[in-house]
Structures are given as structure tokens and as C-alpha cells.
Amino acid sequence: MTLNTFKSVLFSALFLAISFAGYATEDSDNKDDKEFDANEMIMHHVKDAYGMHIITFNEGKEDEHHISIPLPVILWTENGLTTFMSSEFHHDYSGQVVVEKNGGRFVNVHEKIYQLNDGESVVSYDAEHHPVNAKMPLDFSITRNVFMMWVSFTILLLIFLTAARHYKKSENNIPKGIASFVEPLVVFVRDEIGKPMIGEHKYKKYMPYLLTVFFFIWINNIFGLIPFFNGANLSGNIAFTLTLAFVTFIITTFSGNKNYWKHIFWMPGVPVPMKIFLMPIEIIGMFTKPISLMIRLFANITAGHIIILALYSLIFIFKTEFMGFVSVPFALFIGIIEIIVTAIQAYIFTVLSALYFGMATEEAHH
């Protein structure tokens with residue numbers, strides 16, 4: 001690692017650490033002498049949200065002011081399509097602010113929108129703090145994670161279209177500009193993932209997917225560490241990783257040749273009783289592979305965010321600034337690791353996907 005690279009990584013991690021400390025401070029306001037709840041603060045920042053909160057000025061005071069990027073809330077209710085901006089909740093996720101639209105009353109309870117029953121103006125809760133006088137409408141809102149997914153998709157298009165334009169203008173196919181950054185990564189995915197895992201003669205048709213999933217996961221993981229985007233934790237959303245794993249499963253299933261299915265349903269080279277015994281295990285294995293892909297990416301990305309926030313929470317749990325001399329260096333260290341993990345997790349998901357494709361297309365050995 002060069003000195004300039006080390007400086008960039010250190011600065012990014014320090015900026016991330018300061019921002020996460022700000023997040024903890026935001027939720028630790030004790031104006032009502034309420035005990036600091038580390039679990040509530042961590043889960044609030046890890047899960048998806050209806051808006052992109054950037055910073056709050058004078059929190060808890062009369063001139064409190066929020067700077068955020070509002071996102072559209074799109075709901076389907078008994079009265080039809082209902083839309084409004086997330087800013088109408090005024091950054092409240094406790095169900096206190098009621099938004100009246102299209103003949104319905106809506107509240108935001110821990111980043112889930114409920115519609116109050118007719119005649120109700122205040123949300124009521126049961127012993128487990130679940131709303132009892134409200135129902136959840138069909139929700140098609142553009143949340144923080146959805147917005148950042150569109151942003152990453154747009155950036156991917158700009159990167160590769162710009163790189164292609166540079167190649168088109170080049171007489172000797174010499175990469176310039178952004179193409180000089182993209183080409184080594186594309187060659188790496190091809191030579192270190194595609195060819196070894198799938199094979200010299202079959203890897204090409206899988207390269208578009210492998211390159212897409214590698215860059216898509218990597219870019220979204222990086223966005224999750226940028227404080228300006230409020231740590232949009234897209235790869236830490238189980239629905240996102242489930243979709244990617246499902247696509248890998250579909251490609252693997254439809255790529256399977258005769259040899260692949262034979263090893264699943266009637267394992268060659270073993271006695272008949274063993275064939276019968278192995279068949280259900282192999283069938284289960286077909287589904288455990290994409291499930292492991294889904295959980296691995298989700299758990300590793302989410303764990304990094306939780307650890308960093310938990311370390312900063314120690315300052316407010318022990319209520320002493322001296323704890324910062326312990327928690328901040330450790331959080332800074334984890335932040336640096338997380339910058340590396342963004343690429344590692346994209347690499348692991350791509351490698352395992354390519355490995356499954358290679359297993360499905362492998363020919364029988366005689």
C-alpha cells in the first residue's frame with residue numbers, strides 16, 4: 001500500500017468515525033432524562049428509512065432544524081393511491097406525527113407506516129409496542145435503500161459507458177481516464193474468477209452477470225460507509241441479498257447439464273442404497289447454497305455497522321468522555337477494516353456464484 005493510499009484510507013475512516021459519533025450523539029439527547037438505549041440507536045441507523053437525514057441543528061430546542069433529503073411515500077390504501085413526501089413526518093418515527101392524506105391518517109412507527117383506523121387520531125400500542133388501532137397499507141415507497149440503489153445503478157452506467165467511449169476513441173485500445181481503472185478490475189474478474197471457476201470455454205456467457213454483481217455490490221457497500229448518504233445499508237438489507245442470491249440460483253439451475261442433475265438425483269459411482277441416501281441431501285444442497293450467499297453478505301455488512309455504532313455507544317452508556325480514548329481508536333480500526341471488507345464481500349459473492357455456475361456446467365470425467 002502506497003503512502004497516498006494509506007492517507008486516503010485513514011482520512012476516510014476518520015471521517016466515518018466522526019460521523020458515526022455524531023449519529024450516536026443525535027440519539028443520546030437526554031432532555032427528558034431518558035436512559036440512553038444503544039439498541040434503539042443502532043437499529044435505527046442500520047435499517048432502511050423513508051428519508052435521508054443528514055444533520056440536525058439545535059436538537060431538542062425550540063429552533064430545532066433538520067437538513068435531509070425527503071423521499072416520496074407511495075401507499076395503496078382502501079381509498080386508492082396515496083402519495084406524499086417523507087418530510088411531512090417531520091423526522092418522527094415514534095408515531096406521534098399524523099399525516100392526513102386522501103381520507104386516511106398515517107403514522108411512522110420505527111420506519112414502518114401504519115394507517116390509523118377510522119375515528120382514531122392517536123396510535124395505541126400493546127404490551128410489545130405493536131400498534132393495535134392501525135393497519136399497514138401496501139407500501140411502494142422510494143426508501144433510502146431504493147434511492148441509493150438507483151444512484152449506484154446510474155453511477156455504474158456512467159462508469160462503463162465512459163470507459164467504453166474511451167476505448168472507442170482509442171486507436172490502439174489503450175485505456176485512458178476511467179477506463180484505466182475499470183480494465184484491471186474487469187481482467188481480474190475474468191482471469192481470477194471466471195476462467196478458473198467456470199472454465200476456459202464456458203466462462204464468457206457468464207461474465208456480464210459476474211461483472212455486474214461484483215461492481216454493484218462493491219459500489220453499494222462503499223455508499224454504506226459514506227456519512228453524507230446516512231450510511232444507506234443496502235447490502236445489509238436481507239431483501240437485497242435475497243434477490244441477488246435468487247438470481248444466482250436461477251442461472252445455476254438453468255445452466256445445469258446432464259452430469260450436474262445426475263450427481264444430484266442419482267450419484268454415479270456409489271451403491272444404490274447410498275444413491276437413495278444422498279439424493280435428498282443433494283436436493284437440500286441446491287437451496288442451501290443460495291441461502292448461504294444471502295446470509296453471508298447480509299450478515300457481514302450489517303455486523304460492521306453494528307460493531308462501529310456499538311463501540312461509540314460505550315461513551316454514552318458509561319457517561320464519560322474518557323471512554324472515547326478506548327472506543328474511538330477501536331471504531332477507527334474497524335472502520336478501516338470495513339473499507340477493505342466492501343471489496344472482499346463483493347469478491348466472495350462473485351467467486352461463489354462463479355463456482356456454482358462451474359459446478360452446473362462441468363462435464364463428466366471418464
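Me: Helices (H or I, at least four residues) and strands (E, at least two) here are DSSP runs, numbered from the N terminus. With that in hand, which helix gives the largest share of the lining of the largest cavity?

Reply: That is H6, with four residues. This is a predicted model, where local features need pLDDT of at least 70 and side-chain atom pairs 80 or more, while totals for chains, interfaces and linings use all residues. Residues are numbered from 1 along each chain as its sequence is written, and side-chain values use heavy atoms, leaving out hydrogens and water.

Me: What makes the space a cavity, and how much space lies in the largest one?

Reply: On a 1 Å grid over the protein atoms alone, a cavity is a set of points where a 1.4 Å probe fits but cannot get out. Searching the whole structure gives one cavity of 30 Å³ or more, and the largest cavity holds about 110 Å³. Its lining (residues with an atom within 4 Å of a point) includes Thr 248, Phe 249, Tyr 260, Lys 289 and Met 359. Helices H6 (238–255), H8 (272–318) and H9 (324–361) each give two or more residues to that lining.

Me: Why is Thr 350 called buried?

Reply: Buried means under 20% relative accessible area (1.4 Å probe, protein chains only). Thr 350 has 0%, so it counts as buried. This residue sits in helix H9. Leaving aside neighbours within four places in sequence, Thr 350 is in contact (heavy atoms within 4.5 Å) with Val 189, Ile 193, Leu 210, Val 213 and Phe 214. A polar atom of the Thr 350 side chain also lies 2.7 Å from the backbone oxygen of Ala 346.

Me: What makes E4 and E9 edge strands?

Reply: The open sheet runs E4-E3-E9 with antiparallel pairing. Strands E4 (80–85) and E9 (138–139) each have a single partner strand, so one side of each lacks a neighbour in the sheet. Two bridges link E3 (residues 72–77) to E9, where Leu 138 is the bridge partner of Trp 76.

Conventions: On a 1 Å grid over the protein atoms alone, a cavity is a set of points where a 1.4 Å probe fits but cannot get out, and a pocket is an open set with protein on both sides within 12 Å along at least five of seven lines; lining residues have an atom within 4 Å of a point. Grid points are joined across faces, edges and corners, and a volume is the space filled by probe spheres set on the points. Two strands pair if DSSP finds at least two bridges between them. Buried means under 20% relative accessible area, exposed over 50%, partly exposed in between (1.4 Å probe, protein chains only). A polar contact is a pair of N or O atoms within 3.5 Å; within protein, one must be able to donate a hydrogen and the other to accept it, and residues adjacent in sequence count only if both atoms are side-chain atoms.
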